[in-house]
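Subject: Structure for your review

Dear colleague,

Please find the structure below, together with its sequence.

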Amino acid sequence: KTIALIVLLLLPLTSSLAFDGVLISAAPEHPRSGERVTLTASAIGVGSYRMYIWTVGGSEVMRRVDAKEFTITAPALGKKAEIGVTVTSGGKTIASGMYILQPAEVAIEWEGSGGTPPFYTGRPLSTAHGAVRADAIAAFVTQDGAVVPKTQILYTWDVDGNRQDTLSGFGRSSVVVSPPFYDKPFALSVTATSRDGALVASNTTILVPHAPSLVIYETSPLGGLHDAHAIQGV
């Protein structure tokens, strides 16, 4: 029984040393179309001076000793690139891995809830203690050219890194938030994920709330509001 127990305890250690897979990470994690992406291969139990062979779509593009990083341009929307890496030693494969690069995009459009002066053509600014309405516009295209509807996209919203569970969900592409600390700038982030998890995109915008200021105008019985000339100095 003692021998059997020792063998069982050693099994996890032995299997980790004999790890035959490669974990590939990407930076940026959720690239946009046409963006340069650096892939990094991490393999447990693989020493230095090993040959790394990188392939794209099954075709070899780089073969070099200790080439743990590989840079590629993300394909167009609706396309994907299959990147593989194989680690060899003495002509024998000791580890391999695969990464699917399928870009997607999401943009954030926002406006404050306050009013605007006459003839002002821009959007209302964000004001201290004022609400902000934001909309996430996702560009999710499948390989067959179909556009993924927003009802099939999971939107996860964050304010200053804090997840807003009550504002997140499938199809919840619009949110209304308020500045956390009066007129201090804050970050509004969204991560959009397709229902099957194949398409993921994220974006962050920095909002700078403006503290309110008081402007006084004269109103005359005949001329109405004289909004061209503010009262100054009194």
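This is a predicted model: local features need pLDDT of at least 70, side-chain atom pairs count only at pLDDT 80 or more; totals for chains, interfaces and linings use all residues.

Ser173 has a relative accessibility of 5% and therefore counts as buried; buried stands for under 20% relative accessible area, exposed for over 50%, and partly exposed for what lies in between (1.4 Å probe, protein chains only). This residue is found in the loop that joins strand S12 (169-170) to strand S13 (174-177). Helices (H or I, at least four residues) and strands (E, at least two) are DSSP runs, numbered from the N terminus. Beyond its neighbours within four places in sequence, Ser173 is in contact with Ala134, Asp135, Ala136, Lys150, Tyr155 and Trp157, where contact means heavy atoms within 4.5 Å.

Residues are numbered from 1 along each chain as its sequence is written, and side-chain values use heavy atoms, with hydrogens and water left out.

On confidence, pLDDT is the predictor's confidence in each residue, from 0 to 100. The protein chain has a mean pLDDT of 89, and 91% of its residues reach 70 or more. Over residues 4-19 pLDDT stays under 50, and for this stretch the model has four contacts beyond four places in sequence.

Turning to the strands, an open sheet is formed by three of them in the order S1-S2-S5, with antiparallel pairing; two strands pair if DSSP finds at least two bridges between them. Strand S1 (23-27) and strand S5 (69-73) stand at the edges with a single partner strand each, so one side of each has no neighbour in the sheet. From one strand to the next the twist averages 25°, taken between axes that are lines fitted to C-alpha atoms (for helices over the stretch in contact), with angles running from 0 to 180 degrees between N-to-C directions. Five bridges hold strand S2 (residues 36-42) and S5 in the antiparallel sense, and Val37 stands opposite Ile72 in S5.

With 44% relative accessibility, Ser48 counts as partly exposed. Ser48 and Asp66 are 18 residues apart along the chain, and their C-alpha atoms are separated by 6.4 Å.

S3 is joined to strand S4 (residues 59-65) by six antiparallel bridges, and Thr55 stands opposite Glu60 in S4. These two strands form a hairpin with two residues between them, and Gly57 in the turn has a positive phi of about 65°. Six bridges also join S3 to strand S6 (residues 81-89), again antiparallel, with Val85 in S6 as the bridge partner of Trp54.

Which aromatic rings pair? Rings of Phe, Tyr and Trp (its six-membered ring) pair if their centres lie within 6.5 Å; planes under 30 degrees apart count as stacked, over 60 as edge-to-face and the rest as tilted. One aromatic pair is counted by this rule. The ring centres of Trp54 and Phe70 are 5.4 Å apart and their planes lie at 20°, so this pair is stacked. Because Trp54 lies in strand S3 and Phe70 in strand S5, the pair ties together parts that are 16 residues apart in sequence. Both Trp54 and Phe70 are buried.
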